[in-house]
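User: I am new to this structure and would like a close look at one part of it. Could you take me through a single aromatic pair, and show me the setting it sits in?

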Amino acid sequence: MEISGLYIYPIKSLQGLSVSSAEVMEKGFKYDRRWMLVDANNGHVTQRTHPHLSQIGLEMSANAIILSHKNKSDLEIPLTLVDGNQVEVTIWNDTVQAIEAPEQINSWISDVARDPCRLVYMPEDANRPINPERARNNEQVSFADGYPYLILGQSSLDDLNSKMEVDLPMHRFRPNIVVTGSEPYEEDHWKDLQIGDVSFYGTNPCKRCVFTTIDQETGEKGIEPLKTLATYRREGKDVIFGLNTVAASTGLIHVGDSMWVE
């Protein structure tokens, strides 16, 4: 098996970036989901309730994240934030310490989001453990939904697309790591993985939500892929697709690296 795609999502729920290599850290890839939007109550804001956030363009330079929108001038955001107002934010059932972005950034974000909201940064010393029932060493996670990495087999998406009238792109499912050479849905059962010199372990299949139904080009919601996935990819009441994964070591991985499963 071989790594065919690597993706980083610098701001939770905004566009991702395809990269040729990525630095594996405990909380996720370096720069992955270290920023997040929050509302007036400091709760996380995503495309689930604000699908038009998909229309924000995102690029990353050596020093900054650059946001763009058809109605606004480009906005530069630092890759990391050290100083600023300390705030306590919530993501799902977790409460996390974060640093609030400057007002000019929050004003731009609020205009585009069409709601008052702020951008917050998770410093490296912030505490957000993964589900302790699935952890091996009290591992931590960034602002990702629950686990640091999501792995998806290309053959799984190919099989899903063969069952639908339209083909959906990989970015609809927001994986961090895409693998070729596996059988469809084989990743459901992977436990210990090796990519290049870096070790990972799988925790559980990823439960999918309405986010996957949002067209990232238009911001419009549809019914696929959840309608089709629900016919054959159910685990209890949940629809599953892809594997939640945790890094057991750190290092650099690349597109083209071989992957082994034990």
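Analyst: Happy to. To begin with the setting, this is a predicted model, and buried residues make up 53% of the 262 residues in the protein chain. The chain has three helices and 20 strands. Its radius of gyration is 18 Å, which agrees with the value near 18 Å that a compact globule with 262 residues would have. Along the principal axes, the C-alpha atoms fill a box of roughly 50 × 40 × 35 Å.

Now to the aromatic rings. A search of the whole structure finds six aromatic pairs. Take tyrosine 149 and phenylalanine 200: their ring centres are 5.4 Å apart and their planes meet at 85°, so this pair is edge-to-face, a label that needs an angle over 60 degrees. The two partners come from distant parts of the chain, 51 residues apart. Tyrosine 149 belongs to strand β13 (residues 149–153), while phenylalanine 200 lies in strand β16 (residues 198–207).

Are these two residues buried or exposed? Buried means under 20% relative accessible area. Tyrosine 149 has 1% relative accessibility, so tyrosine 149 counts as buried. Phenylalanine 200 also has a relative accessible area of 1% and is therefore buried.

Terms used:
Residues are numbered from 1 along each chain as its sequence is written. This is a predicted model: local features need pLDDT of at least 70, side-chain atom pairs count only at pLDDT 80 or more; totals for chains, interfaces and linings use all residues. Side-chain values use heavy atoms; hydrogens and water are left out. Helices (H or I, at least four residues) and strands (E, at least two) are DSSP runs, numbered from the N terminus. The radius of gyration is taken over C-alpha atoms; the globule rule is 2.2 Å times the number of residues to the power 0.38. Buried means under 20% relative accessible area, exposed over 50%, partly exposed in between (1.4 Å probe, protein chains only). Rings of Phe, Tyr and Trp (its six-membered ring) pair if their centres lie within 6.5 Å; planes under 30 degrees apart count as stacked, over 60 as edge-to-face and the rest as tilted.
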